[in-house]
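This briefing is intended for a reader new to the structure shown below.

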Amino acid sequence: MKTHAQAVVIGGGLIGCSILYHLAKLGWNDVVLLERDELTSGSTWHAAANIHGLHDNNNITRIQHYTMNLYKELEKETGQGCGVFQPGSLYLAQTKDREYQLRLQEAKARFYGLNFYEISREQALELHPLAQFDDIRCIMYEPDGGNVDPSGVTMAYAAGARQLGASIERFCPVIGTDLQPDGSWIVRTGKGDVHTQWVVNAGGLWGREVAALAGIKLPLQPTEHQYFVTETIDEVASLGRRLPSIADRDGEYYFRQEGNGLLIGAYEKDMRFWAENGTPLDFAHDLFPDDLDRIMENVIRATERVPVAATAGVKRVINGPMIWSPDSNAIWGPVPELKNYFCCTGIIPGFSQSGGLGLLSAQWMIEGEPQYDMFAWDLGRFGDWADEKFTKAKVEDVYTHRFAIHFPNEERSAGRPARVRPAYEMQKKMGCVFGLNCGWEHPLWFADEPETIETNGFTRQNWWEPVGREVRMLRENVGVIDISNFANYVIKGKGAYEWLDRLVANRVPTQIGRSCLTPLISVRGGVAGDFTITKVADDEYMMIGSGMAERYHQRFFDMVDLPANTTFEVATDRVAGFNVAGPKSRAVLQRLSNADLSNDAFRFMRSAKIEVAGVPCLAIRVSFTGDLGWELHCAEADQVRLYTALLDTAREFGGGPVGGRALGSLRIEKGYGSWGREYSQEYWPQEVGLDRLIKLDKEFLNKEAYLAIKDSPPREVLSILSVQADIADATGGEPIFTSDGTAVGRVTSGAYGYSVGASLAIGYVDPNVAIPGDRVEVFILGKSHSAVILSEPPFDPEGHRLRDVQTAEPAVVK
């Protein structure tokens, strides 16, 4: 067995073998996979192994498409059959909302050049003459949909990896992973130790146990899952061809041909957890006792769709384990708190995603960063707050709602609250409807009555009018926004300036009371983040960034060594904040503070330590609303006292509380980008308009990567569009076409602009195809909506309100 390797992959299931193959494919041949039993042990071998290309997340669609195309290439490359069957898949909509979802996916497929389109009921019957579609509103067909052989695919990855020089050790349990002082690892096994640069946890059902060897706790929980295969059905056998699979997600089952019978599976409401206290180490190619009664309601709906299944005998029942994350997405990426420890576990649609997961994992380890923004999978989206109680509640929710539509802006209540601020109960009594951000409950909007339940859908919902009132209140008077979900960092010591200046691309302020906005450059030269940095005292800075990216950004912070006598603290847990914004914000704050807040004394992007209602605050003259405003950051213990004073005074000026939904509308009216939507490592600074904040006369993290792409023309340009829409607004992900059907871009954020009277969208547009002033088509609800690309933000494009230069009326979009 090898004693040294560039990477050790722990786990010989589908994902582990894919990562091993892709590491070798990208040039790391000195790699080894360690499997405690036989390859495919755990959950791989018994998977239904369906494959499909479309996903609500655009980048996941890209990697699923890559995966589907890879299998036949693997067969040619290795000679190992993958058992690829692609008779197509039929996607059914029983409801209006499902029809919206499918039509949007059809538009996305057209944008990406994928094969997914609507067919008639008659065409569907030709493809699947054993089914009935009388109750179906809309049918989409994916000709490349189907299934693969789970063992065949896994063995093909393994064979390909071996051909490229990788090694595989079966029956070799890992008993220890020890981090070395230089950041390398010793992986300990009964057959000997391996010294490696990278450890890859692809442990699957044992992902928690493998992580625990390194002192890591992952938010994962296995469940039981059942499907069964029928005996031979004469009508199936006599067809002489393979039937397409059926995806009837409103019916909550999946259905495909297996041999000359049918395979039926379901995600039932009466679900079962398994191995709550740890996955047994002697579990391998094992199954649980049959329990078909639990899925019978789903099966009955399936047999109503394909009646011949109702009288078929059951040939084989598979009741096996699957391991879930709290949101059913992968737990993926390097652990921010450790050197060179990579996780890839908790994958549910593995056979649709295995190739993409393997490729992007290898890219991250070898090249320093994946080519796509995949924060939806990044394990950094969860922290210690995602404990066992939260994880189990969320897993139960995602399992039992596996086929439910994930609506735009939807906030599910399972497992919450996980983290709350002192003002939480006060906000509840005010009618606050909360969202979840990095575990924190934060205000989305304020209803007229406490305990109001938010509705969900693709069209405008019950929050649309209240959010409009909040926007107009702030624009006309003043609003108080809780921004305690922002990430806060405190850097102190003689090397504080030096460290920050080497980290970020803009110049860090050297005078107390000055602030700057700055991008953080990614490994490939893109935008890894955007921050506000304020010098608050001699050798002390406060840095504010995206709350949900706190752990993600830790990886970049660790790339720059902290100087001696310098400390870096994540202060999010002890700092609360409010943004007081609107034309009367100065009047409100001046009523509560003796500080001089006049425009001459307290200019835009300046800061000061002041008292507001007797509460010590760091006040920064900046606002994500694009209006006159201040951010106030205080000790969490003072949050209720400050909030009460701000709201009481704001009401005297016609103001009140404002939530995150209104803030989204306000920042979109101003054309402001947001991390995770408009800003990510996938986009270049010159594409998002942040290149003006990059100073080349200084050193900063990944400067060489930026210089390599600095003079390249933008591939796409971040743009703002006014859309002719009346019952729904863009939310993100919608494709944009020219009037002749040429793909031109996609939406990243959208909202109704209440203070400018227009439905707005921010997105990326190919400047070689469309420019400001051009009319384009945005596919909201999967239907074409006419739009125009604006030359400037519709609200106060000159920034007069923000800088209080003069009173500027918002532009009205025509």
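The charged end of Arg715 sits over the ring of Trp684, at 3.7 Å from its centre. A charge counts as over a ring if NZ of Lys or CZ of Arg is within 6 Å of the ring centre and within 35 degrees of the ring normal. The model is predicted: local features need pLDDT of at least 70, side-chain atom pairs count only at pLDDT 80 or more, and totals for chains, interfaces and linings use all residues. Residues are numbered from 1 along each chain as its sequence is written, and side-chain values use heavy atoms, with hydrogens and water left out.

**Charges over rings**
- Arg242 lies over the face of Phe85, 4.0 Å from the ring centre.

**Aromatic pairs**
- Rings of Phe, Tyr and Trp (its six-membered ring) pair if their centres lie within 6.5 Å; planes under 30 degrees apart count as stacked, over 60 as edge-to-face and the rest as tilted.
- The count by this rule comes to 44 aromatic pairs.
- Tyr253 and Phe255 form an edge-to-face pair, with 6.2 Å centre to centre and 75 degrees between the planes.
- Tyr253 is buried at 1% relative accessibility, and Phe255 is buried at 3% (buried means under 20% relative accessible area, exposed over 50%, partly exposed in between, with a 1.4 Å probe and protein chains only).
- Phe624 and Tyr672 form a stacked pair, with 5.8 Å centre to centre and 5 degrees between the planes.
- This pair links distant parts of the chain, 48 residues apart: Phe624 is in the loop between strands S29 (615–620) and S30 (629–635), and Tyr672 is in the loop between helices H17 (660–669) and H18 (685–688).
- Helices (H or I, at least four residues) and strands (E, at least two) are DSSP runs, numbered from the N terminus.
- Phe624 is partly exposed, with a relative accessible area of 27%.
- One aromatic cluster is formed by Trp198, Trp332, Phe342, Trp364 and Trp377.

**A five-stranded sheet**
- Five strands form an open sheet in the order S23-S24-S25-S22-S26, with antiparallel pairing (strands pair if DSSP finds at least two bridges between them).
- Strands S23 (515–521) and S26 (566–570) stand at the edges with a single partner strand each, so one side of each has no neighbour in the sheet.
- Strand S22 (residues 487–493) is joined to the antiparallel strand S25 (residues 540–545) by six bridges, and Ile491 stands opposite Tyr541 in S25.
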